[in-house]
2 protein chains.
Amino acid sequence: MEFAKRIQGIESSFVRDILKLATQKDIISFAGGLPEANLFPTGRFAKAAQEILTNPKTAKVALQYGESTGFTPLKEIIAKTYKIKDNLDIDPNLIIITTGSQQALDLIGKTLVNEGDEVLVERPTYLAAIQALQFYKPKFTEIELSSNGPKTLPNKTKAKLAYIIPNFQNPTGITWSNEKREEFAKWANKNNILIVEDDPYGEIRFSGKRQKPLKTFHENTVLLGSFSKILAPGLRLGWIVAPNKEIFHALSLAKQSADLHSSQFTQLIAAKFYEDFDAQAHIEKIAKEYGKRKDILHSKLKEIFPTAQITNPDGGMFLWVRFPEEIEVLSLLKQAVDEGVAFVPGVPFYVSNPEKNTARFNFSNTNESAICEGVARLQKALKSIV
Amino acid sequence: MEFAKRIQGIESSFVRDILKLATQKDIISFAGGLPEANLFPTGRFAKAAQEILTNPKTAKVALQYGESTGFTPLKEIIAKTYKIKDNLDIDPNLIIITTGSQQALDLIGKTLVNEGDEVLVERPTYLAAIQALQFYKPKFTEIELSSNGPKTLPNKTKAKLAYIIPNFQNPTGITWSNEKREEFAKWANKNNILIVEDDPYGEIRFSGKRQKPLKTFHENTVLLGSFSKILAPGLRLGWIVAPNKEIFHALSLAKQSADLHSSQFTQLIAAKFYEDFDAQAHIEKIAKEYGKRKDILHSKLKEIFPTAQITNPDGGMFLWVRFPEEIEVLSLLKQAVDEGVAFVPGVPFYVSNPEKNTARFNFSNTNESAICEGVARLQKALKSIV
């Protein structure tokens, strides 16, 4: 069978494959990107599901075909939350509910990217975004990250769109400052660049002050969000806020073709959760726990890698390690897996010239005692390679 | 904003837009493709959801990230059902769970269709399949349908794949005979054509004998199925059976990029439904009711359009009307909507040279008394145009 050209050269996501390691018994995994399952609001979902399905009116809405762009009450909840969090006025009629945030990336590639179009990404950036966009054969260019945003912006650019994760970035945990956001927005505006602002982690902040969405500074921004980290990934619900009716319409057509609409049942559950329970309190509980885990992972890694550069994020699920040159990361990973601990090497997070002495560590899915044990195992692995 | 070339020329699905009519108060709609919501197994879903979410072990599986290709027990149920229904041996490891059958169409286009590739479709065919494949810019060619399959097969063809709905086709309700299937399979095999066999309605048979899947006659077949018509569309669950590991792998990569995976929660509900209840009895109940509705719609339409050709399907959700030349279908629709009844003109179901005097009528979502009232309104509309 001759496959379509667009799939040639696309490899299975390294992270998805390494996730298989994480499911092996006795492995302590810093490799995946899973939220902590013990924090899922399971009882409340059970209550919501029961109420939806035992009321014939809502049961029919939950189980029948629905609108391609999503369940209106859920869109209204999303818009209202932006108003509360960021004082941002969002028109619910510009929101599209997607089957996870991943689908948003695919729809954006499908509607906006022609072969050879220049797409600007952070260096490093989220590998599943690279994978999703690669189907549409763009030319990637990179902006190097410092601790609070881009190091420098090029004088000249042909970029059509910029894909940015400004809060607690995956993989680095870096957050852009308001100043860097404003500066970047001005530059993007001058160069007529559409910003795709991906923000799945923004609400999971355990320290510092919430920064303003890039959208605040740049109208021509497609803003992405997700319920995967604040509620549960198994619902498969994310969203797109389109900057205008024209882009909304194009994305809606692509959404319709992609899967008609996202699950009505899980959309109704998410909406009911926000209507009946204190979502904010639930999110704060997650952030508090992740903050504790980040603290312990960060300090333990500092102990065993005293000369490494380790980011110290204010939120999200990941931190980033730049090892000293003498540590060969793939050898360390190999030994680590033998000792029963896993992490992700940094290489797949680069679109070109990867920095090979880097790695991403997840702290959301490992409890405090397992973090201590995991780092102890890592220390053993380290001793066997140096 | 300059959109990607692939979205230029794509229009919103006519059926999706006309569905908006169907939601207007007092309209009796034969236009949509909705299953009867009163037949959804709501109580059983409520029980399944409750059991899944109150058991911490299954709750975590339902709400966490899952495997890209789907929940293994659900794949095993699908494979087992093919064995029972068709004595077909399906390897569960070649199954991919999709976000509705619509996603399967998109993934097939994405992995298999290059711009200009020839794709063979029935004349007429399912309009959302046309729309999904159009994103990948194929060249469509058509095979004319008779009452039991293709009229004739071309001597020469450059087609790479053939998209076929052999059971109770949408839009015509036509079912291919075993003889026509075997003949077509031989022809496809000789011409090295991959068959895409879309079968969302096959289990909803109310008369006649189940025909063999095209896959029985042609190994190089991608077989598609859906839970939307036999359970509920709101779950957003369909599936692909890949013919071999190579195509499975390519489709898996596309699936991973498209939405990581389909909702774990709704996958667990579907699996639990099959494990705990008699799915076969449930499907028979649906088929029996739809059969009654088809009978009454067919006979009432015959009464008011005595010279029209009207298909009389053995299953599914649609029948097809070819009106006599003197009836102008768009004028009839306009009057019909004024009288409070809707149907879909046949035009959007053709990839070229549409037969303008045709229409599709859905009978699954209108009860018997509403069917009588709907056809009475249609008769009034008819009187005002002839």
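1. Basis. The model is predicted; local features need pLDDT of at least 70, side-chain atom pairs count only at pLDDT 80 or more, and totals for chains, interfaces and linings use all residues. Residues are numbered from 1 along each chain as its sequence is written, while chains are lettered from A and ligands numbered from 1 in the order in which they are written.

2. The same surface serves both copies: 100% of the contact residues of chain B recur in chain A.

3. Chain interface. Chain B puts 62 residues into the contact, and chain A puts in 62 residues. Contact here requires C-beta atoms, placed from the backbone, within 7 Å. On the side of chain B that touches chain A, the elements giving two or more residues include α2 (42-54), α5 (100-112) and α10 (264-276) of chain B. α9(B) gives the most, with nine residues. Helices (H or I, at least four residues) and strands (E, at least two) are DSSP runs, numbered from the N terminus. By class, this side of chain B has 31 nonpolar, 22 polar and nine charged residues. Ala, Val, Leu, Ile, Met, Phe, Trp, Tyr, Cys and Pro count as nonpolar; Asp, Glu, Lys and Arg as charged; the others, Gly among them, as polar.

4. Domains. Chain A divides into domain 1 (5-41 + 281-385) and domain 2 (42-276), with bounds from an automatic or database domain assignment. Their centres, taken over C-alpha atoms, are 24 Å apart. Domain 1 of chain A brings 32 residues to the contact and domain 2 of chain A brings 38 residues. On the domain 1 side, α11(A) gives the most, with seven residues. That side has 19 nonpolar, eight polar and five charged residues.

5. Strand β3(A). Five of the six residues of β3 (residues 118-123) of chain A are buried, so this strand is largely enclosed by the rest of the structure. Buried means 20 or more other C-beta atoms within 10 Å of the residue's own, with C-beta atoms placed from the backbone.

6. Strand partners. β3(A) pairs in the parallel sense with β4 (residues 139-146) of chain A over six bridges, and with β6 (residues 161-164) of chain A over three bridges. Pairing needs at least two DSSP bridges. A:L120 stands opposite A:T141 in β4(A). A:V121 has A:Y163 in β6(A) as its bridge partner.

Terms used
Two residues are in contact if their C-beta atoms, placed from the backbone, lie within 7 Å. A residue is buried if 20 or more other C-beta atoms lie within 10 Å of its own, exposed if 12 or fewer, and partly exposed in between; C-beta atoms are placed from the backbone.
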